[in-house]
Amino acid sequence: VVNTPELSEKLRYIIKTTGAGLAPFDSWLVLRGIKTLPIRMEKAQENAQAIVEFLLQEKKVKNVYYPGIPGTNNYEVCKSQASGFGSMLTFEVESKELALHILESLKLITYPTTQTHADVPEEIRIKNGITDSVLRLSAGIEDKKDLIADLKQAIDSFRE
């Protein structure tokens, strides 16, 4: 609802050309999901932190990138601006082969090289630290012990 026909036409054009408008059912799903978002985010962040702690101890993991690691570049900034550190984390393993093995063994990890950063030219990806041995994980609300056990079996089962 708007107060001028011109604004209505402009918004209608934007919605039609960009797909920015949600259908009624999609809007209802968003409203329903928002009601439980805080508790789901709290659990997902708790799981992400547990996964980070596990990965920091793994010998085959070279780097872990997560704003919730004390002493890292973004820790204090994130702590001052947000109520949590989120559920997304990135980690780098010893080799592309290990990264691919982990991907084949799990259902919860993405591979930035071919997914989220597939359209980024290789030289820019590498300059930004997104190599073939980097994996990204979005922790969910599953039991953290199950998530860690799944990661552990994937890493431990790799044979060079």
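Helices and strands here are DSSP runs, numbered from the N terminus; a helix has at least four residues and a strand at least two. With that in hand, the order of elements can be read off. The model is a predicted one. Along the sequence, its pattern is α-α-β-α-β-α-β-α-β-α. That gives 6 helices and 4 strands.

Next comes the overall form. The protein has 160 residues. A compact globule of that length would have a radius of gyration near 15 Å, but this protein has 20 Å. Its C-alpha atoms fill a box of roughly 65 × 35 × 30 Å along the principal axes.

Now the contacts and the surface. Take the contacts between residues at least 6 apart in sequence: 68% of them join residues at least 24 apart. Of the 160 residues, 32% count as buried. The protein exposes about 10800 Å². Carbon and sulfur atoms supply 56% of that area.

The largest nonpolar core holds 28 residues. Ile 51, Leu 55, Leu 89, Phe 91 and Ile 102 touch the most other members. Several elements give two or more residues to this core: helix 2 (24-57), strand 1 (61-65), strand 2 (88-93), helix 4 (96-105), strand 4 (134-138) and helix 6 (144-156). Helix 2 gives the largest share, 6 residues.

Ile 102 is then in contact with Phe 91, Val 93, Ile 109, Leu 135, Ala 154 and Ile 155.

Two serines round out the tour. Ser 133 sits in the loop between helix 5 (122-127) and strand 4. Is Ser 133 buried or exposed? Its relative accessibility is 9%, so Ser 133 counts as buried, the cut-off being under 20%. Beyond its neighbours within four places in sequence, Ser 133 is in contact with Phe 91, Glu 92, Val 93, Ser 95, Lys 96 and Ala 99. Phe 91 and Val 93 are also among the contacts of Ile 102.

Ser 157 lies in the segment after helix 6. Its relative accessible area is 32%. Buried means under 20% and exposed means over 50%, so Ser 157 is partly exposed. Ser 157 and Leu 98 are 59 residues apart in sequence. In space, they are 9.7 Å apart, C-alpha to C-alpha.

How values were computed
Residues are numbered from 1 along each chain as its sequence is written. This is a predicted model: local features need pLDDT of at least 70, side-chain atom pairs count only at pLDDT 80 or more; totals for chains, interfaces and linings use all residues. Side-chain values use heavy atoms; hydrogens and water are left out. The radius of gyration is taken over C-alpha atoms; the globule rule is 2.2 Å times the number of residues to the power 0.38. Buried means under 20% relative accessible area, exposed over 50%, partly exposed in between (1.4 Å probe, protein chains only). Contact means heavy atoms within 4.5 Å. Accessible areas come from the Shrake-Rupley method with a 1.4 Å probe; for residues, only the protein chains shown count as cover. A nonpolar core is a set of buried Ala, Val, Leu, Ile, Met, Phe, Trp, Tyr and Cys residues joined through side-chain atoms within 4.5 Å.
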